[in-house]
2 protein chains.
Amino acid sequence: MPSIKAAILGFGTVGEGVYRILQEKREEIKKSTGFTVEVVSILVKDKTKKRMSIQDVQITDDFRDILNNPEIDVVFEAIVGDEPAYTYLSEAIEKSCHIITANKKMFAKHGPALMKHAEFRSVQVGFEATTAGGVPIIRTVTNLLAGDRVKRIQGILNGTSNFILTKMREEGSSFSQALADAQQKGFAEADPSDDVTGMDAFRKLMILSSLAFGQQPDWEGVPVVGIDHLQTIDLIDASKENLRYRHVADIWLDERGKLQGTVGPVLIGENHPLFSIDGVDNAIIVDTEYLGSLTLVGPGAGMYPTGSAMIADLMHIIRRHEAVLIPN
Amino acid sequence: MPSIKAAILGFGTVGEGVYRILQEKREEIKKSTGFTVEVVSILVKDKTKKRMSIQDVQITDDFRDILNNPEIDVVFEAIVGDEPAYTYLSEAIEKSCHIITANKKMFAKHGPALMKHAEFRSVQVGFEATTAGGVPIIRTVTNLLAGDRVKRIQGILNGTSNFILTKMREEGSSFSQALADAQQKGFAEADPSDDVTGMDAFRKLMILSSLAFGQQPDWEGVPVVGIDHLQTIDLIDASKENLRYRHVADIWLDERGKLQGTVGPVLIGENHPLFSIDGVDNAIIVDTEYLGSLTLVGPGAGMYPTGSAMIADLMHIIRRHEAVLIPN
């Protein structure tokens, strides 16, 4: 039985989710792919921190321990922020490891370079978890592109913002009350500014732009507005007219074939596909030439949804390998 | 430049859609896969019928012409009904052709046998277009199954029924007026009984059941109710309370692990994901162990959406081939 050796960089919610699913689904993965997947090394910031019991795995705070282990086939990255994540993944690719990342901030900026580098080294890059958590939007757009053409992508890409807007509308909470509630429930970061200013949604939009259009618009040219200036009274008034504010990220090719993007609150009516998307869900509408309009809705974050997106990337990498090794 | 030779069985709306997309996207497909795809033969019922101009393609009313052509790699099937479609596809598999079908009636019943036969002959079966038209539900569930577990699938699987219910609610039309309108617009068949009695949705549910759970429930044990007994007044009354009737097909594992299915009209509230799905759209909600709840919404029928689903199957088959032929 062939075995795949994996390392996990970062052991917060997402990293732990990946580890847990790999343990829980060990037999199923073996059965469906013919491979056992073994986590051999986990990179943490603080080795002394108490955590769930993990056996037979090296816990290290030094990335060299992972890089210098020639056994490792695939690196899961669930660190927050640009660096050192980008450097780590570049080095992993250089050592011919496949990489699977959930790091949207890093990938919005460095995704195109990592993809090129990976192609050169004949390894694969999984980034399903960078955008819309468990919603398989990356795989879906990739598949659509094979025989169709994407014209526009718009969606609710930040679950925290959507949770806050839902709270304000439904319960009349103020923005700061709703934000505090999101933080208490673990939806928002300790520093939620990227969520509420629209920057997080913007980055995910740039990842989708690279994928769907093979390019990103000039970042400076995309207006980005958050939800932090919205008043509860405005949301409630809109609600009385059966309208709702949604925080929408939008990218499309204009009539001249130029890429245009916007991120900000939009007032929508009850027949719009985004009208009923409440709470922490994400939703994405993809408009294509042949298919028309396809909408995907699901959990935008969380240990298991995001972890499962990374496992889906791994399964895809294994299946491609298998196809190469075992022609049927 | 390697070339793939295809035959199309049936040249109604869907068959023509496949042909058109293959012509229009010839260069893109060549560029993205490295293969040219050439339609060499089309099976029609009536050779004398006037149709769009088609060059360099054999138009035949005898399936033997296709079966005895050893060049053909893949057969697109867009015939209506069980037979002769099932026999044709079995024979094509026996000749080591990949098959791609849009025939839900045939596939609900014979899908499991065709899949087994294809595995034995080492060819692939594409059936994305059998269920929910252009919505990539088959691919999405297939991908989810790799590292997750499906618990329940429910959805609006018949666009004609949904169009009729929308018309009745929005415009106060009677059932028969709305049905006539659907027929005039080309949404419903000349004989729409499978649509309005729920049989069409039931068959798609059985296809999803085989895929997601590896089995189908006893057909006799699944209650199937159509929309043909609904009164306009009931829909309008519900609408006043902000409720809507949707025709929902539903399949799930019960607490004892037994497969349960139902098909019929359901009254739902405004926060339900199916509330805002109007017109001919289809929508499917997949509940899984890790991901949670994922909803897909899109066009359930039409020349280009359904044709594009079949092309997506072809792209998948080519990519698997390519992976075998050209390890990277």
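Reply: Across the interface of chain B and chain A, four salt bridges are found. Side chains of opposite charge can pair when their charged atoms come close. One case here joins Glu270(A) to Arg244(B), at 3.5 Å from N to O. Please note that the model is a predicted one.

Me: How many residue pairs are in polar contact across the interface of chain B and chain A, and which elements supply the side of chain B?

Reply: Eight residue pairs, both members at pLDDT 80 or more, are in polar contact across that interface. On the side of chain B that touches chain A, helix H1 (13-24), helix H6 (137-147), E11 and H12 of chain B each give two or more residues. H12(B) provides the largest share, nine residues. By class, this side of chain B has 18 nonpolar, 13 polar and 11 charged residues.

Me: What area do chain B and chain A bury between them?

Reply: The two chains bury about 3600 Å² between them, and 52% of this is on carbon and sulfur atoms. Ala146(B), Tyr290(B) and Leu291(B) supply 18% of the area that chain B buries against chain A, more than any other three residues. In terms of contacts, 42 residues of chain B meet 42 residues of chain A.

Me: Is Leu291(B) buried or exposed, and where does Leu291(B) lie?

Reply: Burial is judged by relative accessible area, with under 20% as the cut-off. Leu291(B) has a relative accessibility of 2%, so Leu291(B) counts as buried. Leu291(B) belongs to the loop between strand E10 (281-288) and strand E11 (292-299) of chain B. Apart from neighbours within four places in sequence, the contacts of Leu291(B) include Pro299(A), Pro305(A) and Ser308(A) from chain A, and Leu144(B) and Asp148(B) from chain B.

Me: Which residues are in contact with Ser308(B), in the other chain and in its own?

Reply: Leaving aside neighbours within four places in sequence, Ser308(B) touches Asp148(A), Tyr290(A), Leu291(A) and Ile21(B). Ser308(B) sits in helix H12 (residues 303-325) of chain B. Because its relative accessible area is 11%, Ser308(B) is buried.

Me: Let us turn to domains. How is chain A divided?

Reply: The domain assignment gives domain 1 (3-133 + 304-325) and domain 2 (137-299) of chain A. Their centres, taken over C-alpha atoms, are separated by 27 Å. About 1400 Å² is buried between domain 1 and domain 2 of chain A, with carbon and sulfur atoms giving 64%. In domain 1 of chain A, Ala108(A), Thr131(A) and Ala132(A) lose the most area to domain 2, together 36% of what that side buries.

Me: How many salt bridges are counted between domain 1 and domain 2 of chain A?

Reply: The count between these two domains is two salt bridges. Within chain A, Arg139(A) pairs with Asp313(A), and their closest N and O atoms are 3.7 Å apart. Helix H5 (104-120) and helix H12 (303-325) of chain A each supply at least two residues of the side of domain 1 that touches domain 2. H5(A) gives the most to that side, with six residues.

Me: Which salt bridge links distant parts of chain B?

Reply: One such pair is Asp200(B) and Lys104(B), whose side chains meet at 3.1 Å, N to O. Asp200(B) is in helix H10 (residues 199-213) and Lys104(B) in helix H5 (residues 104-120) of chain B, 96 residues apart. Asp200(B) is buried at 3% relative accessibility, while Lys104(B) is partly exposed at 28%.

Me: Which residues are linked in a network of salt bridges?

Reply: Arg169(A), Glu170(A), Arg244(A), Arg246(A), Asp278(A) and Glu270(B) are linked in such a network. Over all chains, a search of the whole structure finds 46 salt bridges.

Note on methods
Residues are numbered from 1 along each chain as its sequence is written. Chains are lettered from A and ligands numbered from 1 in the order in which they are written. This is a predicted model: local features need pLDDT of at least 70, side-chain atom pairs count only at pLDDT 80 or more; totals for chains, interfaces and linings use all residues. Side-chain values use heavy atoms; hydrogens and water are left out. Helices (H or I, at least four residues) and strands (E, at least two) are DSSP runs, numbered from the N terminus. Buried means under 20% relative accessible area, exposed over 50%, partly exposed in between (1.4 Å probe, protein chains only). Contact means heavy atoms within 4.5 Å. Domain bounds come from an automatic or database domain assignment. Buried area is the accessible area (1.4 Å probe) that two parts lose on being put together, summed over both. A polar contact is a pair of N or O atoms within 3.5 Å; within protein, one must be able to donate a hydrogen and the other to accept it, and residues adjacent in sequence count only if both atoms are side-chain atoms. Ala, Val, Leu, Ile, Met, Phe, Trp, Tyr, Cys and Pro count as nonpolar, Asp, Glu, Lys and Arg as charged, and the others, Gly among them, as polar.
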